[in-house]
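Q: I'd like to learn how to read helices, packing and backbone angles in a model. Can you walk me through it?

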Amino acid sequence: MDGERRVLIAADKFKGSLTAVEVAQRVTAGLRRVAPDVEIAALPVADGGDGTVAAALAAGFERREARVAGPLGDEVVAAFALRDGTAVVEMAEASGLQRLPAGVFAPLTASTYGSGELLRAALDAGARTIVFGVGGSATTDGGAGMLSALGARFLDRDGAPVPPGGGGLAEVVSADLSGLDPRLGGVELVLASDVDNPLTGPKGAPAVYGPQKGASPDDVAALDAALGRFVKVLEGTDLGDRAAEYALAPGAGAAGGIGYGALLLGARFRAGIEVMLDVLGFGAALERAGLVITGEGSLDEQTLHGKAPAGVAAAARAAGKEVVAVCGRLALAPEALGRAGIRRAYPLTDVEPDVGKCIADAGPILERVAEGIARDFLG
């Protein structure tokens, strides 16, 4: 078959409407109605945030589960993915906003303890490389909860463990990292995120992302001060000046500062979509494709800064492949799309102008959008 009629669908989820797997299924159905003989490969992608484990499972990883603490301390069943010694762990599985009851936020008390338990479960499963996808968090605790679950101790002036959550770090006076799980020294830990913010300050985790987690202006100020105190206390450990250096490093502010905790564990920060494309085997799939279809719910300025479609398009363009995108809404000019390596974008709103209907009926509308792609590129 002509390579031009081989299609690779490598799209992220349409948040609130369709998973990445469902996006691929709907696009496939639409393409096949117009071009029934087209050869289609689906490789759902994610950029390290929620949906990362699902993308790994769709690529053939094995699903593993662990009972861990949710952000409020209640037990939840969290999944991770494992294949050939590589684990894909998604912090949102344990500590994400999705784990909070509807309408409930806990910006000061939500903890990443369960994320640490999930990392420990990956170690127990024999992982030698752990891709730690961070995003969609309910937490702003600098990764203190995660570190505690892995054996660190953070104590108040009475020698008791500080309360959970970022707010509790206002009481920390001493830190002991000597009890950290020794297996951490023998694994490659990759911090996968689309966020390069520092831990604190105007561009830090509390200021930029705290309001999304229910933090008031007073909460943001309290969390920023508490995280600053956390860093100061850690400077008094064997980490020394590195504690402050890590706080300023790209990715430290990811997922409420859990990126900082991961950096303290020796993690290497990489753009989430780049890591996931490697892990999922995107390169081999790309070689066989003539047309690549990527996308996500909203193609906008954020897309251009490390989101999945931009990463897919960059890799495809480097390989000389044509790329188009599907999306719910389009907020990028053709010139910006072109610079990103996307020839054309197909928003659902071109078929159904009512945004509410696009969200409610995203699947059938996406199939119609895919029919248009087939007519334009596979006819």
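Predicted model: local features only at pLDDT ≥ 70, side-chain atom pairs only at ≥ 80, totals over all residues.

Q: Which residues of H1 are buried?

A: First the general idea: an α-helix has 3.6 residues a turn, so residues three or four places apart point the same way. In H1, the buried ones are Ala20, Val23, Ala24, Val27, Thr28, Gly30 and Leu31.

Q: And what covers the buried residues of H1?

A: The cover includes strands S1 (6-9), S2 (39-42), S11 (291-299) and S12 (322-330), along with helix H15 (362-377).

Q: How do the axes of H1 and H15 cross?

A: They come within 7 Å of each other, at an angle of roughly 45°. That angle makes H1 oblique to H15. The crossing is right-handed.

Q: Which residues meet there?

A: From H1 you have Val23, Arg26, Val27, Ala29, Gly30, Leu31, Arg33 and Val34; on the H15 side they meet Gly363, Pro364, Leu366, Glu367, Ala370, Glu371, Ile373, Ala374 and Arg375. Sort the contact residues by type and you get 10 nonpolar, 2 polar and 5 charged.

Q: What is leucine 286 in contact with, beyond its neighbours within four places in sequence?

A: Its partners are Leu8, Val292, Ala315, Ala316, Ala319 and Lys321.

Q: What about phi? Where should I look?

A: Most residues other than glycine have a negative phi. Aspartate 84 isn't a glycine, but its phi is positive, about 50°. You'll find aspartate 84 in the loop between strand S4 (75-83) and S5, and it is exposed, with a relative accessible area of 69%. Alanine 255 also has a positive phi of about 50°, but this one is in helix H9 (residues 254-264) and is buried at 10%.

Q: What is threonine 86 in contact with, again leaving aside neighbours within four places in sequence?

A: Threonine 86 lies in strand S5 (residues 86-90) and touches Phe61, Ala81, Thr129 and Val131. With a relative accessible area of 19%, threonine 86 is buried.

Technical notes. Residues numbered from 1 in each chain as written. Heavy atoms only, no water. Buried < 20%, exposed > 50% of the residue type's maximum accessible area, 1.4 Å probe, protein only. Helix = DSSP H or I, 4+ residues; strand = E, 2+ residues; numbered from the N terminus. Contact = heavy atoms within 4.5 Å. Axes fitted to C-alpha atoms, helices over the stretch in contact; angles between N-to-C directions. Parallel < 35°, antiparallel > 145°, perpendicular 65-115°, else oblique. Left-handed = near helix turned anticlockwise from the far one by under 90°. Nonpolar A, V, L, I, M, F, W, Y, C, P; charged D, E, K, R; others polar.
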